[in-house]
Amino acid sequence: MHLGLDEPVRECQYNQICTRNSSPMETLSHKKKRTPRRKWQIFPGRNRFYCNGRVMMARQTGVFYLTLVLIMVTSGLFFAFDCPFLASNLTPAIPVIGGVLFLFVLGMLLRASFSDPGVLPRATPDEAADLERQMDAANGSSGPGYRPPPRIREVVINGQTVKLKYCFTCKIFRPPRASHCSLCDNCVERFDHHCPWVGNCVGKRNYRFFYLFILSLSFLTIFIFAFVITHVILRSNRSGFLNALKDSPASVLEVVVCFFSVWSIVGLSGFHTYLISSNQTTNEDIKGSWSTKRAKNNYNPYSYGNVLTNCCAALCGPLHPSLIDRRGFIQPDTPQPLSHSNGSGLYPSTQNHTHMAAATPLLHSDPVMMGRAGPPPSGKTSLGGPCSSLAPSQPSLPSSMPGLGCAGDMLTLRDPDAHCHHHHFVSPEEMPSPLGPSSLVLPFAAHGGHLNPAQLYDPASQDSLHEDSVRGLVKLSSV
């Protein structure tokens, strides 16, 4: 198919919309540019993620960095000023033991801080709506005596009734021992507490690391405090107390830091040792969930009845997988078939595909005709072949579109009086309806001769033109 343009049209520059199908290479390059998003990027809770979702922390991390600095500075001063003297005068095992304790403390701190504490995924809108329907159905239909459905469910665990509370933020009934953290805005399974010192919640998946952190930190603090005092005493016996402080000024800072921190750290370790031995959480102990003050027959249904078994269950049990899958890719919505986006499935495809950058000029000032080269009749545009003629300056469209009754190798747009000063944007709503059968038939002439109708109306090429024209109009209507 050839594109015939008159001279005034050739002199003007028009913006054309190309509606041809993208080539496989273009489609492949477009897919490469579209990088898939991961779930942590749209996570609804108040958390921060690092290393592409591998590290998960709370937003308030200032105290965590203070904890990290205190441990590293105190240990660094001990290794730099005290260990050389102790290794040469007592035993080289002191810096080795101190180094092992330091690395273990640092590893447990980072593991407790950077891991998922056991966040429960929130309900999707469909799941939340289904849950609301279940509660409404259980409560009866609405009426004059209608009451809001109850937001508490009860389950029996080892003979003890446990209440499951509804979370209005996550739209779920929280499982036993779970609670919603107001700082992280997440429901956490087996919620213990939110610890600002580690910068994260403490729950089912990181409680053992938190406990091992505070326990090993207690040993490290006592170890540093004891051997710093030993270092100062040994130096005082040789050169006096003041000279010992002058020779090792960092020892004073270490003693002060360890003295004021050892009590709280050791006390916290003892408290959590009690909780582990009785298989309780900090949240349950503070609320007195299993206290006999609430009821005479109240007891802890989660305890195994043995201290050793409780400790093994908390520290040596299997590590549960994360439920939020924060590094997983977001599953896109059900994509529309390709045929709905480019029109190739809505209409029969043909083997002849023309370059639609010129075949569908949807943004033009003057009419553009598709067909043999030749000037159109003055002041008139028409379709050649077996087609009802349109009035001057009225557009023509393929007849296979609903509501149109004409087919041809030419597409004209109105506004023929414009002259290269603006581009007329034609949308489907602006297209006038074709005239009736009483319209005058205007034959198409080229240089005074008549064109063969078979040359203007080719069914094979017409299908391609019609298919691409419809896609162009659909794109314009969407704009």
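Mentor: Start with strand β3 (residues 55-58): Val55 and Met57 point one way, Met56 and Ala58 point the other way, and all are buried. Buried means under 20% relative accessible area, exposed means over 50%, and partly exposed lies in between (1.4 Å probe, protein chains only). Strands (E, at least two residues) and helices (H or I, at least four) are DSSP runs, numbered from the N terminus.

Trainee: What should I know about the model itself?

Mentor: This is a predicted model, where local features need pLDDT of at least 70, side-chain atom pairs count only at pLDDT 80 or more, and totals for chains, interfaces and linings use all residues. Residues are numbered from 1 along each chain as its sequence is written, and side-chain values use heavy atoms, with hydrogens and water left out.

Trainee: Which strand is joined to β3, and by how many bridges?

Mentor: Strands pair if DSSP finds at least two bridges between them. Here 4 bridges join β2 (residues 47-50) to β3, and the two run antiparallel. Asparagine 47 stands opposite alanine 58 in β3. The hairpin of β2 and β3 has 4 residues between the strands, and there cysteine 51 takes a positive phi near 55°.

Trainee: How do I read a pair of aromatic rings?

Mentor: A ring pair is described by the distance of the centres and the angle of the planes. Rings of Phe, Tyr and Trp (its six-membered ring) pair if their centres lie within 6.5 Å; planes under 30 degrees apart are stacked, over 60 edge-to-face, and the rest tilted. By this rule there are 14 aromatic pairs. Take tryptophan 40 and phenylalanine 49: their ring centres are 6.0 Å apart and their planes are at 40°, so the pair is tilted. Phenylalanine 49 is buried, at 14% relative accessible area.

Trainee: What kind of pair do phenylalanine 259 and tryptophan 263 form?

Mentor: Their centres are 6.0 Å apart and their planes are at 90°, so this pair is edge-to-face. Both residues are in helix α8, 4 residues apart, which is about one helical turn. Helix α8 covers residues 250-278. Phenylalanine 259 is partly exposed at 36%, and tryptophan 263 is exposed at 60%. Ring pairs also link Phe78, Phe79, Phe102, Phe223 and Phe227 into a cluster.

Trainee: And how do I read a salt bridge?

Mentor: Side chains of opposite charge can pair when their charged atoms come close. The rule asks for a side-chain nitrogen of Lys or Arg within 4 Å of a carboxyl oxygen of Asp or Glu. The structure holds 9 salt bridges. In one of them, lysine 39 meets aspartate 325, with the closest N and O atoms 3.4 Å apart. Lysine 39 lies in the loop between α2 (24-33) and β2, and aspartate 325 in the loop between α10 (307-315) and α11 (338-342), so the pair ties together parts 286 residues apart in sequence. Lysine 39 is partly exposed at 32%, and aspartate 325 is partly exposed at 40%.

Trainee: Where do arginine 133 and aspartate 130 lie?

Mentor: Both are in helix α5 (residues 125-139), 3 residues apart, about one turn of the helix. Arginine 133 is exposed at 52%, whereas aspartate 130 is partly exposed at 34%. Finally, Arg46, Arg122 and Asp185 are linked in a network of salt bridges.
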